[in-house]
Amino acid sequence: MVYASLGRTSRLLLLLAISAGLLASDGGAPPPVAAKFLGLFDRLRTAEAQGKLGHPQHIAFELFESDINDYIKYALKTVPRPGLESVTVKVFPHNYISTFVLVDFDAVERWRPGTIPALLKVVLSGKKSIWVDCRFQTTDSKAVFSVEKAYYQNIRLPAFLVAQIIKIIAARQPEKYDTSKPLTLPFWLKQVWTADHSIHGQN
């Protein structure tokens with residue numbers, strides 16, 4: 001599996017991880033959970049190609065929370081992402097996702113000096129884990145998300161600050177995402193939504 005050919009799949013995983021996409025490269029045989037995800041990406045890619053030729057193929061999928069977390073762990077280990085050390089997600093109904101993210105705040109400050117307010121620099125420095133909840137919506141094959149709440153330990157973080165940190169990290173990824181704008185869903189996906197502990201989609 002060639003890394004470049006998987007670039008668009010990261011737009012889907014961006015919704016899962018609240019940051020730039022998390023992809024795996026072709027560094028040997030992937031574990032079963034990764035093979036499951038990569039197989040789905042292959043089917044969606046084939047369906048997209050057939051659709052462009054006028055032969056649409058309907059594909060619906062369900063991804064479980066535990067599998068998502070296992071794949072993110074594998075993907076980050078295989079292809080490290082600037083500014084991110086680890087990501088764990090919890091999936092709730094109504095397009096609500098809770099994440100626990102280990103962020104390199106020193107890198108964020110290097111990339112955009114002054115991002116971290118002076119009052120928070122004492123705690124938001126180095127590599128720290130923050131809890132971020134967000135909600136996303138998909139319309140016309142595009143997705144937008146908003147930060148609902150965020151914490152470092154018991155300190156509530158301003159939503160606008162966390163949204164800015166996400167934007168900075170996303171922009172540093174190879175795909176150069178702009179999370180301030182709607183993101184086009186990959187593979188001609190029309191809808192993505194959540195249920196309890198699972199994420200669903202269809203083209």
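Analyst: The model shown is predicted. A search of the whole structure finds seven aromatic pairs.

User: Why is the pair of F37 and Y71 assigned its class?

Analyst: Planes under 30 degrees apart count as stacked. The rings of F37 and Y71 have planes at 5 degrees and centres 4.6 Å apart, so this pair is stacked. The pair also links distant parts of the chain, with F37 in helix α2 (residues 32–52) and Y71 in helix α3 (residues 65–78), 34 residues apart.

User: Are F37 and Y71 buried or exposed?

Analyst: Buried means under 20% relative accessible area. F37 has 1% relative accessibility and therefore counts as buried; Y71, at 0%, counts as buried too.

User: What is the geometry of the pair formed by F92 and Y96?

Analyst: Planes over 60 degrees apart count as edge-to-face. F92 and Y96 form an edge-to-face pair, with 70 degrees between the planes and 6.2 Å centre to centre. F92 is partly exposed, at a relative accessible area of 33%, whereas Y96 counts as buried at 16% relative accessibility.

User: Which residues do ring pairs link into a cluster?

Analyst: The cluster consists of F37, F41, Y71, Y74 and F187, linked by ring pairs.

User: Where is E109 placed, and which residues does E109 touch?

Analyst: E109 lies in helix α4 (residues 105–111) and counts as buried, at 17% relative accessibility. Leaving aside residues up to four places away in sequence, E109 touches G114, T115, I116 and K121. With G114, the side chain of E109 reaches the backbone nitrogen at 3.1 Å.

Terms used. Residues numbered from 1 in each chain as written. Predicted model: local features only at pLDDT ≥ 70, side-chain atom pairs only at ≥ 80, totals over all residues. Heavy atoms only, no water. Phe/Tyr/Trp six-rings, centres within 6.5 Å; stacked < 30°, edge-to-face > 60°. Helix = DSSP H or I, 4+ residues; strand = E, 2+ residues; numbered from the N terminus. Buried < 20%, exposed > 50% of the residue type's maximum accessible area, 1.4 Å probe, protein only. Polar contact = N/O pair within 3.5 Å; in protein donor to acceptor, adjacent residues only side chain to side chain. Contact = heavy atoms within 4.5 Å.
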